[in-house]
Amino acid sequence: MASVTSLSDSVRQRLASALQVVRPETAADPLLRRSDRADYQANGILALAKRTGGNPRELAAEVAARVATGEPIGGIEVSGPGFLNITVTDRAIVETLAGRHADDTGRLGVPRAERSGTTVVDYAQPNVAKEMHVGHLRSAVIGDSVVRLLEFTGETVIRRHHIGDWGTQFGMLIQYLNEHPHELDHRSGQDGPASGEEAMSNLDRLYKAARELFDADEEFRTRARGRVVDLQAGDPDTLAVWQRFVDESKIYFFSVFEKLDMELRDPDIVGESGYNDMLADTCRLLEESGVAVRSEGALCVFFDDVKGPDGNPVPLIVRKSDGGYGYAATDLSAIRDRVHRLGADSLLYVVDARQSLHFRMVFETARRAGWLKDGVKVAQLAFGTVLGKDGKPFKTREGETVKLVNLLDEAVERASAVVREKSPGLTEEEIAERGAQVGIGAVKYADLSTSASRDYKFDLDQMVSLNGDTSVYLQYAYARVRSILRKAGEARPVPHPELELEAPERALGLHLDAFAATVAEAAEEYAPHKLTAYLYQLASLYTAFYDKCPVLKAGTPERVANRLFLCDVTARTLRQGMTLLGIRTPERL
């Protein structure tokens, strides 16, 4: 089905045509926005009058006179110093929503952009042989939602999970396992392979034992360092043990992402090791082009505007003085691979704000080297820190980093208690299923409803609350709508454009029509929080509609059908919006 033209776009087109007639020599944007004084307000007349030297109220009146009323415009008047207040007709609201309702693709008439390029999104980057902690939450949740938004609006997206699977610590781990070959054989008394959490528990125990021996035994340290050399040289036996670490860790990664209700595909996991064969060539190209220079034995890139506290330049170290490669070499090689081999013309990195300087230098280096040409867009979606209720970085009482799995389990437990209290008729199986949907949704929504760049407090009590800006409030709003539709009996959702709408119906309808524009803006700006704000307002407007406009007892069959129609569009919009956030909408709660 073709996309549906929104009411705001229809009004904007009418105003732009009138402006073109009144001032044909000057292009002007009407600057249309929603208003509490009318359905829409156009502010662009003021800027146009300033540029052309005219009186803004007189110019506004002239434009208004050129805009003939009639669908979709019901009225237009000049306000204040030169604003235009526009009201649309009830018929236009219902007919536009009817077009969205008739879209059998589930897209609600949202247009899909026709774009030939490819975007690579780098997000959710856990480390091999290490448990995921609360710090891994934001990259995964934000990245997943951004990918969903981009794909929904027509982007071709390649996911990349740049896991930490290489480095000197693997020499220590491999050497320890070679000397203690049964350390990964522990099982919880069950036959078959270990679960994800058990696999990581084994690796975590191995890491602690290896670290303890490494710190205490000089001879073991020497053997471990020799094992790093073997690993980097591609020794088959050493690589086989390293691969075992990677495989065990992936079992764990998949289990965590399954708990988060996110898709993690093995081909999308390309860790640091995936670029090993490119590192030497990356350094050679940088040095030959003069982008990187040798400094105290290291290969470095310098920047005029990056200096340390002593005023001396702080370089990006691509290759260390001992010949080892830094993170920069891997990140630059990844850019080369993504642009040249994958054909990406847009790169997005969903990475902690504390790494902003590193990525700024990496991107500038790639520009200088010619790997990021003018047609390639690159950006870091920098996110803030997850804080505890005390406003400090989220830690356990013992000061340890909070394990992500423990945090998610607690969220599901809290949510299950809420579901059990509010829905006593559900079976334990139903409570467990809905508890997981509500709990994981609550964690995701709390993250996504905050602008990515800001820190936020992790407060489970607030997250699973039925009141306020929470996913639980939205999920219950959706379940309420679905309950009404089930109780409607033979009555069906049918639009009736001939009916006059009451104020809550108009407010709900106008907001529903803004869904496409909100999705487009959230995708364009990598800003899922704009979608969460829209959905919260939608649920609030539906609550006001529900309180003031009886649905099943609306008086006439036509009005019942029309209000059921508004309910159905609301439910579909809530469901689609929540899906773009990666959050489930249970049919019953």
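**Figure 1. Helices H9 and H13 pass each other in a left-handed crossing.**
Welcome to this predicted model, in which local features need pLDDT of at least 70 and side-chain atom pairs count only at pLDDT 80 or more, while totals for chains, interfaces and linings use all residues. Residues are numbered from 1 along each chain as its sequence is written, and side-chain values use heavy atoms, with hydrogens and water left out. In a left-handed crossing the near helix is turned anticlockwise from the far one by less than a right angle, and in a right-handed one clockwise. Helix H9 covers residues 236-259 and helix H13 covers residues 404-422. Their axes come within 11 Å and cross at roughly 25°, which makes H9 roughly parallel to H13. (Angles under 35 degrees count as roughly parallel, over 145 as roughly antiparallel, 65 to 115 as roughly perpendicular and the rest as oblique; axes are lines fitted to C-alpha atoms, for helices over the stretch in contact, with angles from 0 to 180 degrees between N-to-C directions.) On the H9 side, look for Tyr252, Val256 and Lys259, which meet Leu404, Val405, Leu408 and Asp409 of H13 (contact means heavy atoms within 4.5 Å). Sorted by class, the contact of H9 with H13 holds five nonpolar residues, no polar ones and two charged ones. (Ala, Val, Leu, Ile, Met, Phe, Trp, Tyr, Cys and Pro count as nonpolar, Asp, Glu, Lys and Arg as charged, and the others, Gly among them, as polar.)

**Figure 2. The whole chain has 20 helices and 13 strands.**
Here is the setting for the close-ups. Helices (H or I, at least four residues) and strands (E, at least two) are DSSP runs, numbered from the N terminus. Taken along the principal axes, the C-alpha atoms of the chain fill a box of roughly 85 × 65 × 45 Å. The chain has 589 residues, and 52% of them count as buried. (Buried means under 20% relative accessible area, exposed over 50%, partly exposed in between, with a 1.4 Å probe and protein chains only.) The accessible surface of the chain comes to about 26900 Å², with 48% of that belonging to carbon and sulfur atoms. Among contacts between residues at least 6 apart in sequence, 73% join residues at least 24 apart.

**Figure 3. Helices H7 and H9 cross at roughly 135°.**
Two packed helices are described by the angle between their axes and the distance between the axes. For H7 (residues 196-216) and H9, the axes come within 8 Å. H7 and H9 are therefore oblique to each other, and their crossing is left-handed. From H7, the contact takes in Gly196, Glu197, Ala199, Met200, Leu203 and Leu206. From H9 come Phe245, Glu248, Ser249, Ile251, Tyr252, Ser255 and Lys259. The residues of this contact divide into seven nonpolar, three polar and three charged.

**Figure 4. Gln243 lies in helix H9, and Ser273 sits in the loop between H9 and helix H10 (279-288).**
Gln243 counts as partly exposed because its relative accessibility is 32%. From Gln243 to Glu524 the distance is 39 Å, C-alpha to C-alpha, and the two are 281 residues apart in sequence. Ser273 counts as buried, since its relative accessibility is 19%. Leaving aside residues up to four places away in sequence, Ser273 touches Asp165, Trp166 and Trp242.

**Figure 5. Helices H11 and H12 pass in a right-handed crossing.**
Helix H11 spans residues 327-341 and helix H12 spans residues 356-369. The axes of H11 and H12 come within 10 Å and cross at roughly 50°, so the two helices are oblique to each other. By class, the contact of H11 with H12 has eight nonpolar residues, two polar and one charged.

**Figure 6. Leu108 has a positive phi, and Ala129 has a positive phi too.**
Leu108 is a residue other than glycine, with phi near 55°. Its place is the loop between helix H4 (90-101) and strand S5 (118-122). With 5% relative accessibility, Leu108 counts as buried. Ala129, again a residue other than glycine, has phi near 70°. To find Ala129, follow the loop between S5 and helix H5 (137-152). Ala129 is buried, with a relative accessible area of 3%.

Conventions
Areas by Shrake-Rupley, 256 points an atom, 1.4 Å probe, with all protein chains shown as cover.
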